[in-house]
There are 2 protein chains.
Amino acid sequence: MATNTIPMLPTRKQTLPPWKVGELAGRTGMSVRALHHYDEIGLLTPSLRTPSGHRLYQQSDVERLQQIQSLRVMGIPLDEVRELLDGARISPREVIDLHLTRLHEHIARQNRLAEWMESLATHMDRIEAPSMDDLCQIIQAMTTMEKYFTAEQLELLRDRRTSITEEHMHEVRDSWNEIIPKVRSAMAANVDPTSPEILAIAKRWKALVEEFTGGDQQLASSVMTMYKNEGPLLQQQLGEVPTPEMFVCIGKACAAMR
Amino acid sequence: MATNTIPMLPTRKQTLPPWKVGELAGRTGMSVRALHHYDEIGLLTPSLRTPSGHRLYQQSDVERLQQIQSLRVMGIPLDEVRELLDGARISPREVIDLHLTRLHEHIARQNRLAEWMESLATHMDRIEAPSMDDLCQIIQAMTTMEKYFTAEQLELLRDRRTSITEEHMHEVRDSWNEIIPKVRSAMAANVDPTSPEILAIAKRWKALVEEFTGGDQQLASSVMTMYKNEGPLLQQQLGEVPTPEMFVCIGKACAAMR
DNA sequence: TCTTGCACCTCACGTAACGTGAGGGTTTAG
DNA sequence: CTAAACCCTCACGTTACGTGAGGTGCAAGA
């Protein structure tokens, strides 16, 4: 490079001695292996070799390498770089736009993941001494819920959760743990759904559902679908869990109440 | 799964028949090949095989797979998942934080790249019919400048560039293309730097520099360093370019002016 | 009972862009 | 002339599987 800063002799440009691979690597910040690799895949083949096979890179090769490096900083894969430099039937502006679009999509995905992990972290902080098992269960619960609820419903639930006290959540949990076994034993005893015993339970059940859904019918049915499909999974995580049969039973009771 | 939604018979859990690989794959959304792979790397080895060698996954294996899937959605590599599930000597909260940090760094890098590519795009839009070569040259210029200027200096230059009209930029370019050959020929003729001829040129030179740098001495020296080190590259892109010798010559002339 | 078809098995190569030796020639400075 | 430094060509390792190739196991219909 320094040889060319002498301004009086610009015509000697072509007579510059070609570079060996190590020299080119050193001057361009590439590794020798990378240059070998570019040669292997036909991206940058030195235009000369010594009789013994040593690679010799001419000025034109150096320029090509600089072009390669330029395109690579955009994150363009090597085979695409080769296509662009060899038969460029796509405009540079399109190249930029295309990769910018890809990049933005990638960033958006990563941002969603980060957001998701942050909400995961807040969930984890509710547990006193979380084990790896707890972590996995919470992740499973979150991904499961994402399958059954829309984004708005999830946000609504998130809001409601933060606006509610920790104790109240436990109270609700305890209520379910009390009610569900009652329903189960009543059903096992073949009690009539319209009997006063079940009607009383159904009233509490409806109140709990009402409180959770805030009267949102869509939300209520999403919850039911989820419990129907993911019964065993939720049971593992929540303890007592309503079965489809219970939904039927309580549904009959509610119908009888009207 | 459906077999377990019958709530009256929870004790039959263990007697569930084990699953073959295709069945497990179908139910968990994994591919058979992935399960084979997990087996190969010792991440999930089915606890049973049929005499003929068919893999049989028990309930415990299914649970492990669910844990694996849970951790994988965070983007944790497989060997790390194995470490976490086997000998978890790191707390789940740390796992989340660690990967969240990684993720944020990654996002930050991608964002910087996106920003960079957007500014690249605006540069490209200044060229009428940009070729792939123009694209590479602009990229080179941008990366080169990033080596010599600080972030603030670059922003300053960006601001100045947008506040200036296109024509004016061409005028400045033309001025340099006029002045530099004059200096070169004067130097070739060994004209004294303190001669009125050179002094006149030096005044125009200084004015141009002054306009570009806005009097910022740091900026001026950064520019000089860049021209010194990247002479040939810039020459390729700008046409006429000052050499270190010219800086010396003009420096002498300026000293004589005072 | 035989065959058909499907699910299963074990290799083994391919992916992206090189890093990292191994084993052996070449060049060059002393 | 020799030793250091440099060069060469394989060739495996990396990540998380996809995609056959070639062969076996198993349940059901003819």
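The radius of gyration is taken here over C-alpha atoms, and the globule rule sets it at 2.2 Å times the number of residues to the power 0.38. By that rule a compact globule of 258 residues would have a radius of gyration near 18 Å, whereas chain A has 34 Å. The structure is a predicted model, in which local features need pLDDT of at least 70 and side-chain atom pairs count only at pLDDT 80 or more, while totals for chains, interfaces and linings use all residues. Residues are numbered from 1 along each chain as its sequence is written, and chains are lettered from A and ligands numbered from 1 in the order in which they are written.

**Chain A as a whole**

The C-alpha trace of chain A spans about 105 × 40 × 35 Å along its principal axes. Chain A has 12 helices and three strands; helices (H or I, at least four residues) and strands (E, at least two) are DSSP runs, numbered from the N terminus. Of its 258 residues, 16% count as buried. A residue is buried if 20 or more other C-beta atoms lie within 10 Å of its own, exposed if 12 or fewer, and partly exposed in between, with C-beta atoms placed from the backbone.

**Helix α9 of chain A**

Helix α9(A) covers residues 196-213 and reaches 25 Å from its first C-alpha to its last, close to the 26 Å expected at 1.5 Å a residue; the expected span is 1.5 Å times one less than the number of residues. Its buried residues are Ile198(A), Ile201(A), Ala202(A) and Trp205(A). Seen down the axis of α9(A), these residues fall within an arc of 105°, so they line one face of the helix. The arc is that of the directions from the helix axis to the C-beta atoms. The face turned away from the buried side carries the exposed residues Pro196(A), Ala200(A), Ala207(A) and Glu210(A). Among the elements that cover the buried residues of α9(A) are α8 (166-188) and α12 (244-257) of chain A. Just after α9(A), Gly214(A) takes a positive phi of about 65°.

**Contact between the chains**

The contact takes 48 residues from chain B and 48 residues from chain A; two residues are in contact if their C-beta atoms, placed from the backbone, lie within 7 Å. On the side of chain B that touches chain A, α5(B) gives the most, with 18 residues. The residues of that side divide into 28 nonpolar, 16 polar and four charged. Ala, Val, Leu, Ile, Met, Phe, Trp, Tyr, Cys and Pro count as nonpolar, Asp, Glu, Lys and Arg as charged, and the others, Gly among them, as polar.

**The DNA strands**

A residue is near a strand if its C-beta atom, placed from the backbone, lies within 6 Å of it.

| DNA strand | Residues around it | Closest residues |
|---|---|---|
| C | 18 residues | Ala34(A), Pro77(A), Lys20(B), Gly22(B), Arg55(B) |
| D | 18 residues | Gly22(A), Arg55(A), Ser31(B), Ala34(B), Pro77(B) |

The surface near DNA strand C comprises five nonpolar, eight polar and five charged residues.

**Tyr227 of chain B**

Tyr227(B) is found in helix α10 (residues 217-229) of chain B. With 20 C-beta neighbours inside 10 Å, Tyr227(B) counts as buried. Leaving aside neighbours within four places in sequence, Tyr227(B) is in contact with Leu234(B), Val241(B) and Pro242(B). Tyr227(B) and Tyr148(B) are 79 residues apart in sequence and 9.9 Å apart in space, C-alpha to C-alpha.
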